[in-house]
Amino acid sequence: MITRQRLAAGICALLATLSAGVAFPAGAVADETDSTASPKVELVLDVSGSMSAKDIDGGSRMAAAKQAFNEVLDATPEEVQLGIRTLGANYHGNDRKTGCKDTAQLYPVGTLNRTEAKAAVATLQPTGWTPIGPALLKAADDLNGGDGTRRIVLISDGEDTCQPLDPCEVAREIAAKGIGLTIDTLGLVPDAKTRDQLSCIADATGGTYTSVQHKEELSDRVGQLVDRAADPVVTPVATEGTAQCSSAPTLKSGLYTDREEFGKQRFYRVDVNPGQELRASVSVGADREVNPDYGVLLRAVTVHGREIVRGEGTGNGRADVISTGLRYPKAESDDDNAPAETVCLQVTNSFSAASGVKTTPGLPLELTVDVVDAPSSSSDVASFGLGRGWWLLGALVLTGFVAGLLWGWLSRWRLAVWRTN
């Protein structure tokens, strides 16, 4: 009985220690930099002939889309610059080549005039083809320029009819440009092929896919996506790593995007002054079908190739993104004029493409770099990554140990008194 009570006391002390580690983190993470530029959103609407089908709450798909647009236009935040682009809205004929060029900007991206935008939407009638790929390319151009959030919301009820310009490949090309543009897709009563295509488009840019079967669902989801564009975010900066550290770009604190070929490595350089700490993390995403069992390795090495520290992450096919990170504190120097140390960050992946899957462009890579003032000494970081919280942890462990001994002694004393009585 006494043994069980001591064990329980030890467990309580351990839980208290772990809770304290969560409640009092050793160091702060890098601050997010909110963009002050106005967020931009373009709604891309499929106006092909199939949108006349009457299978959404007793009305046509086109009527549901118009109602959703009107409700969203009324609720769009003032700071959001919004535009509308159509696909398949103007050409009535059967010529495929002409039909696959049928995309037009119905309302330009800019300060919203709700009356004019609603009047433009009211003129739409289901008409032609479904050139999703060309429409996405034009929409990306519509949103080009500026540093704010950029988002495309694509609403369609069918597959692209303008192959071989695969809209999923178009989305990957847009993502590869590193312009921080997200594509969200909504499928109106979609079949399996449409769902797969729209999901692929969204996944390629870090967006979301939603299947919609009711008017209210459509209005709510489009409204959520437009509102999300107004949320402050960190805009990633496009960079291009190299195969050798000597020619790698020098990065400062911030968020960066790049593309990395299957099974290859990329180098980036970071300058760390004495008394500073380098914190870095990387995520590599599988935006297409890959073979199971893969990983990503992030190493901090000297310019001569000596490893300083590393972080590793592995996956088995259940996750589409693998991440890892590292920390490297540079010791302080007595020399006030001591030069900064150039640290090479090496990112290596072990992804392999499934049979028949294109390997270009490379896999999307997101790298976070943060150079901050280091803890009081480099050894602090080695203390289980707890930094200055190590001493607090030690005190709590000692307190828990003493409390466990006292609890055991009191329990034994009570047992002895009970036996005596």
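This is a short walk through a few local features of the structure above.

Hi everyone. Before we look around, keep in mind that this is a predicted model, where local features need pLDDT of at least 70, side-chain atom pairs count only at pLDDT 80 or more, and totals for chains, interfaces and linings use all residues. Residues are numbered from 1 along each chain as its sequence is written, and side-chain values use heavy atoms, with hydrogens and water left out.

Let's start with a pair of helices. Helices here are DSSP runs of H or I with at least four residues, strands are runs of E with at least two, and both are numbered from the N terminus. Two packed helices are described by the angle between their axes and the distance between the axes. So how do helix 2 and helix 8 cross? Helix 2 covers residues 61–75 and helix 8 covers residues 215–229; their axes come within 9 Å and cross at roughly 40°. The axes are lines fitted to C-alpha atoms over the stretch in contact, with angles from 0 to 180 degrees between N-to-C directions. This crossing is right-handed, meaning that the near helix is turned clockwise from the far one by less than a right angle. On the helix 2 side, the residues that meet helix 8 include Ala64, Ala68 and Val72, and among their partners in helix 8 are Leu218, Val222 and Val226. Contact means heavy atoms within 4.5 Å.

Next, please find Gly315, in strand 12 (residues 307–315). Is Gly315 buried or exposed? Gly315 is buried, because its relative accessible area is 17%, and buried means under 20%, exposed over 50%, and partly exposed in between (1.4 Å probe, protein chains only). Leaving aside neighbours within four places in sequence, Gly315 touches Asp293, Tyr294 and Ile322. The C-alpha atoms of Gly315 and Val296 are 8.9 Å apart, although 19 residues separate them along the chain.

Most residues other than glycine have a negative phi, and most peptide bonds are trans. Asp57, however, has a positive phi of about 55°; Asp57 sits in the loop between strand 1 (40–46) and helix 2, and is partly exposed at 44%. Val189 also has a positive phi, about 45°, and belongs to the loop between strand 5 (181–188) and helix 7 (192–204).

Which two residues does a cis peptide bond join? They are Thr360 and Pro361, with omega about -5°. Pro361 is in the loop between strand 14 (341–349) and strand 15 (363–373).
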